[in-house]
Amino acid sequence: MSQLIAIEEEGERLDESELISMITLLIFAGHETTSNLIATGSMMLFDHPEQLDQLKANLHLVPTAVEELLRFNGPSTSVGPRFAKEDLELAGQSIKKGDMLLVMVKSANRDEEKFSNSDELDITRDVHRHLAFGFGMHMCLGAPLARVEGDIAFTTLLNRLPNLRLSIPPEEVNWQFSLSSQGLESLPVSF
Ligand code: HEM
C-alpha cells in the first residue's frame with residue numbers, strides 16, 4: 001500500500017480513485033478470505049479428528065495440510081467471470097463467443113480425474129495444483145501471503161492450544177455462502 005501511495009504521489013501513473021479502489025480490493029480480497037481459511041480449515045479438522053491428531057503430531061505437515069484444506073473446501077467457491085473467445089462445446093453445452101462463464105473452482109477441486117478419492121480430506125495429499133486461488137492472469141495476487149498466513153495460523157494454534165476443540169455440536173455451526181465465497185458465522189471453541 002505504501003508503494004501504491006508513493007506511485008500515486010509521483011504523478012501520472014495512478015490517480016486517486018484508482019489508488020482507493022486498489023487499496024479497497026486488497027483489504028477485502030486479502031482479509032475475509034484468509035480469516036475464512038483459518039475458521040473453515042479448523043472446522044474441517046474438527047470434522048476429521050484422525051487428521052487433526054496426525055497434524056498435531058507432525059506440525060511439519062502444516063503447509064501440505066493448508067493446500068489440502070484449500071482444495072477440499074477453500075474459501076473461494078468460484079472465480080471472476082470469464083468470457084468465451086470462440087464458440088465451443090463443453091460437456092454437452094453449446095457456448096457462444098462472448099458468453100460469460102462462471103467457473104466453479106469448488107467443483108473443479110473435487111475432480112476425481114485430478115484427485116483420487118477427491119471427497120476425502122487427506123492432509124498428506126501431494127496436491128500438485130488446485131484452483132482455490134483461481135487460474136491464469138487473474139490468479140490471486142495474495143496467494144503466497146495467504147499460504148504463509150495459513151501456515152503461521154495453524155502452526156501457532158496447534159502449538160499453543162493442543163486441546164483446541166469445538167465447543168458446540170457440529171450441526172450448530174452455521175456456514176455463510178455467497179456466489180463466490182464461503183465461511184462460518186462463528187466458530188465457538190474450547191482449549
Ligand atoms: C486463503 C486466502 C485467499 C483465497 C482463497 C483467495 C482466492 C482468490 C481467488 C479465487 C481469486 C480470483 C482468481 C481468478 O479470478 O482467477 C483471487 C483474486 C485476488 N486476490 Fe485472493 N485469495 C486469498 C487471499 C488473498 C490475499 C491475502 C490477498 C492480498 C493481500 C488477495 C488479493 C487478491 C487480489 C488483488 C485478487 C485479484 C487479482 C486479479 O484480478 O488480477 N487474496 N483471490
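A salt bridge here is a side-chain nitrogen of Lys or Arg within 4 Å of a carboxyl oxygen of Asp or Glu. I start with that term since much of this talk uses it. What you see above is a predicted model.

A search of the whole structure finds five salt bridges. Take Asp 119 and Arg 110 as an example: their side chains meet in a salt bridge at 2.9 Å, N to O. Asp 119 has 56% relative accessibility, so this residue counts as exposed. Arg 110 is partly exposed, at 25%.

Salt bridges that share partners also join Glu 68, Arg 71 and Arg 125 into one network. Let me stay with Arg 125. Where is Arg 125 placed? Arg 125 sits in the loop between helix 5, residues 105–108, and helix 6, residues 143–160. Is Arg 125 buried or exposed? Its relative accessibility is 11%, and the limit for buried is under 20%, so Arg 125 counts as buried. The side chain of Arg 125 reaches the backbone oxygen of Ser 116 at 2.8 Å. Beyond its neighbours within four places in sequence, Arg 125 is in contact with several residues, among them Thr 64, Phe 115, Asn 117 and Glu 120.

The next pair is Glu 67 and Arg 147. They form a salt bridge in which the closest N and O atoms are 2.6 Å apart. Glu 67 lies in helix 4, residues 62–73, and Arg 147 in helix 6, so the pair ties together parts that are 80 residues apart in sequence. Glu 67 is buried, at 16% relative accessibility, while Arg 147 is partly exposed, at 28%.

Another salt bridge links Arg 13 with Glu 10, with the closest N and O atoms 3.3 Å apart. Both residues are on the exposed side of the scale: Arg 13 counts as exposed at 61%, and Glu 10 is exposed at 59%.

Now to the ligand. Which residue is the only protein donor of its iron atom? That is Cys 140, through SG, at 2.3 Å. Cys 140 is found in the loop between helix 5 and helix 6. Arg 125 is also placed in the loop between those helices.

Last, the surface. Phe 83, Met 100, Leu 102, Met 104 and Leu 179 form a nonpolar patch there, with about 510 Å² of accessible area together. Of these residues, let me place Phe 83. Phe 83 is in strand 1, residues 82–83, and counts as exposed, with 51% relative accessibility.

Technical notes
Residues are numbered from 1 along each chain as its sequence is written. This is a predicted model: local features need pLDDT of at least 70, side-chain atom pairs count only at pLDDT 80 or more; totals for chains, interfaces and linings use all residues. Side-chain values use heavy atoms; hydrogens and water are left out. Helices (H or I, at least four residues) and strands (E, at least two) are DSSP runs, numbered from the N terminus. Buried means under 20% relative accessible area, exposed over 50%, partly exposed in between (1.4 Å probe, protein chains only). A polar contact is a pair of N or O atoms within 3.5 Å; within protein, one must be able to donate a hydrogen and the other to accept it, and residues adjacent in sequence count only if both atoms are side-chain atoms. Contact means heavy atoms within 4.5 Å. Patches are made of residues with over 30% relative accessible area and no salt bridge: like charges are joined within 9 Å, nonpolar side chains (Val, Leu, Ile, Met, Phe, Trp, Tyr) within 5 Å. Accessible areas come from the Shrake-Rupley method with a 1.4 Å probe; for residues, only the protein chains shown count as cover. Donors are N, O and S atoms within 2.8 Å of the metal (3.2 Å for Na, K and Ca); water is not among the atoms, so sites may look incomplete.
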